[in-house]
Amino acid sequence: MPALAIPDPSLVVLVGPAGSGKSTFAARCFEPDEVLASDAMRAIVGRDESDQAATRSAFALLHRQLAARLRDRRLAVVDATNVEAHARRALLQRARAAGMPAVAIVLDLPPDLVLRRNEARAGRVVNAAVVRHHLARLRTAVDHGLLEREGFNVVYRIRAPAELEALTVERRSPSAP
Ligand code: GDP
Ligand code: MG
C-alpha cells in the first residue's frame with residue numbers, strides 16, 4: 001500500500017476498537033508531541049491509564065490540548081477509539097473551528113485478531129464485551145459510510161493486518177497538489 005497522504009497541519013482521528021493497534025501505529029508514524037491519547041489523559045487526571053472513572057476529565061483535557069495545538073496550526077493525532085459518532089463530531093467541530101482539514105484512519109481489522117491482541121496486550125486488557133461493543137459500533141459506522149458523511153476530508157480504511165504493519169504516512173503541505 002502506498003503511504004497515506006496526510007495534510008500537515010491537520011487533525012488526524014484514529015478510529016478503532018481497543019486492541020486494534022492505534023497506539024502502536026501512532027507511535028511508529030507520528031511524533032510523541034503530536035499524539036493526544038485518551039489513555040495518557042486518564043493517567044494524568046485519574047489513577048492510571050485504565051481509570052474509566054476519569055473518562056470525562058480525560059476527554060476534557062484531550063480537547064483542551066487539541067484546541068491549543070490546532071490554534072497553533074500544528075498537526076494533532078487523536079488516539080482514542082472514536083467508534084461513537086458523538087466523539088467524532090466533537091473532534092470535527094474542533095477542526096472546523098480552527099479551519100483545519102480532518103483525516104480519519106480507520107483500523108477495521110478482523111474481530112478475532114482485535115480480541116486476541118487486546119487479550120495479549122501488556123498492561124491494560126479491556127473487557128472483551130467492551131471490545132465487542134467497539135467492534136459493533138465500528139461496523140455500523142463503516143457499513144453506513146458514516147465517516148464520509150460526517151465531514152472528514154479523507155477517510156482511510158485499513159482492513160488487513162499486513163496492510164497496517166506496512167503503513168507509512170506522507171505529510172503534504174497545504175500548498176502541495
Ligand atoms: P490500541 O488499543 O488500539 O491502542 O492497540 P495497541 O496499539 O495497544 O495494540 C494492541 C496490541 O496489539 C499490543 O500488544 C500491540 O503490541 C499489538 N499490535 C499492535 N499493532 C500491531 C501490529 O501491526 N502487528 C502485531 N503483530 N501486533 C500489533
Ligand atoms: Mg491505545
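Which helix gives the most to the lining of the largest pocket? The answer is helix 2, with 6 residues. Before we look around that pocket, a word on the model. It is predicted, so local features need pLDDT of at least 70 and side-chain atom pairs count only at pLDDT 80 or more, while totals for chains, interfaces and linings use all residues. Residues are numbered from 1 along each chain as its sequence is written, chains are lettered from A and ligands numbered from 1 in the order in which they are written, and side-chain values use heavy atoms, with hydrogens and water left out.

Now to the pocket itself. A pocket here is an open set of points on a 1 Å grid over the protein atoms alone, where a 1.4 Å probe fits, with protein on both sides within 12 Å along at least five of seven lines; lining residues have an atom within 4 Å of a point. The volume of the largest one is about 1100 Å³, counted as the space filled by probe spheres set on the points, which are joined across faces, edges and corners. It is lined by 45 residues, and the closest to its centre are Lys22, Asp39, Asp79, Ala80 and Thr81. Elements that each supply at least two lining residues include strand 3 (35-37), helix 3 (55-71) and helix 6 (128-143); helices (H or I, at least four residues) and strands (E, at least two) are DSSP runs, numbered from the N terminus.

Look next at the polar contacts, pairs of N or O atoms within 3.5 Å. A polar side-chain atom of Arg121 is 2.6 Å from a ligand 1 oxygen, and an N or O atom in the side chain of Lys22 is 2.7 Å from a ligand oxygen. Gly21 takes part through its backbone, with a polar atom 3.0 Å from an oxygen of ligand 1. The protein covers 73% of the 570 Å² of accessible area that ligand 1 has on its own, by the Shrake-Rupley method with a 1.4 Å probe.

Finally, visit two loops. Between strand 1 (4-7) and strand 2 (11-15) lies Pro9, joined to Asp8 by a cis peptide bond with omega about 10 degrees.  Arg73, in the loop between helix 3 and strand 4, has a positive phi of about 60 degrees although it is not a glycine.

Definitions and conventions:
A polar contact is a pair of N or O atoms within 3.5 Å; within protein, one must be able to donate a hydrogen and the other to accept it, and residues adjacent in sequence count only if both atoms are side-chain atoms.
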